[in-house]
Amino acid sequence: IFSKLTKLDKSTKYLIVSISPFTFFYLIILKILKKKVFIYLRSDGFSEYKKIIGLLGPIIYGAMFFISTKLSILISCRNYILREKKGFTVKPSQLNEKWSTNQKNCDLSSINLLYVGRLKIEKGVFSLAKILKGKENINLTMVGAENSQLNIFEQKNIKVLSIETNENNLINLYDSHNIFILPSFTEGHPMALLEALSRLRPVIVFKEIEHVIGKKNGIFVSERNYDSLEKTIQHIINNYKS
């Protein structure tokens with residue numbers, strides 16, 4: 001690592017996405033070599049590490065966060081993620097005009113939920129699967145699995161698909177489902193939410209991330225339990241056109 005980095009131009013700038021033990025290790029190396037580093041924070045690592053590790057999570061992340069903020073320039077999609085540290089906020093979007101053209105109606109005869117994202121505990125996918133266990137009136141498709149995760153849920157009403165990078169295939173997935181659900185415990189600026197809205201698909205989030213609504217329409221908040229989720233779904237289905 002040292003030999004490769006020292007050969008690069010001294011004026012080269014580095015962008016690290018999120019703080020993890022792996023990226024933190026590289027940050028230390030880069031600063032030893034006196035490189036200029038930017039860190040882009042997509043979500044609140046304190047909340048994520050608490051879900052992943054437990055009570056020790058925020059302490060471990062907090063130590064990495066504290067050191068990282070001293071050694072880099074911060075960029076984030078939300079002010080609160082910066083934790084009052086100096087940095088820049090951005091509103092990233094990768095959507096082109098294809099996402100808002102040829103929008104299609106959907107079949108409302110059955111409830112077909114869609115989730116697009118990583119299959120990680122902090123993303124709330126395991127919590128959602130537990131809520132939907134045995135509820136065969138609701139179907140859920142999860143897109144974003146690694147090869148080892150394709151059979152992770154043994155539930156008839158859950159289908160798990162691999163990571164999808166083809167834009168046309170992804171658009172077709174949104175169009176073939178009637179509601180998008182984002183069960184995350186923490187989020188900054190979720191691209192999948194914007195993708196769903198651009199395809200005119202209503203979105204359900206749980207209360208932990210209701211801040212993502214902002215001034216957007218078509219996003220509905222549910223409690224993290226089946227009764228509340230079913231009530232929210234029925235409200236959407238009954239008022240779908242409006």
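So, I181 stands opposite I204 in β9, and that is where I'd like us to start looking in this predicted model. The pair belongs to a stretch where strand β8, residues 179–182, and strand β9, residues 203–206, run in the parallel sense, joined over three bridges.

Let's zoom out from there. Which sheet do these two strands sit in? It is an open one of six strands, ordered β7-β6-β5-β8-β9-β10, and the pairing is parallel. At the edges we find β7, 158–162, and β10, 219–222; each has a single partner strand, so one side of each has no neighbour in the sheet. From one strand to the next, the twist averages 25°.

Now, the helices. Helix α7, residues 191–198, lies across β5, β8, β9 and β10, and its direction makes about 165° with β8. Then there is helix α8, residues 226–238, which lies across β5, β6, β8, β9 and β10. For α8 the angle is given against β10, and there it comes to about 155°.

How many cavities of 30 Å³ or more does a search of the whole structure find? The search finds one. The volume of the largest cavity is about 40 Å³. If you want to select its lining on screen, pick R78, H189, P190, L193, L194, V212 and K216.

Notes. Residues numbered from 1 in each chain as written. Predicted model: local features only at pLDDT ≥ 70, side-chain atom pairs only at ≥ 80, totals over all residues. Heavy atoms only, no water. 1 Å grid on protein atoms, 1.4 Å probe; cavity = no way out; pocket = protein on both sides within 12 Å on 5 of 7 lines; lining within 4 Å. Points joined across faces, edges and corners; volume = space filled by probe spheres on them. Pairing = 2+ DSSP bridges. Helix = DSSP H or I, 4+ residues; strand = E, 2+ residues; numbered from the N terminus. Axes fitted to C-alpha atoms, helices over the stretch in contact; angles between N-to-C directions. Contact = heavy atoms within 4.5 Å.
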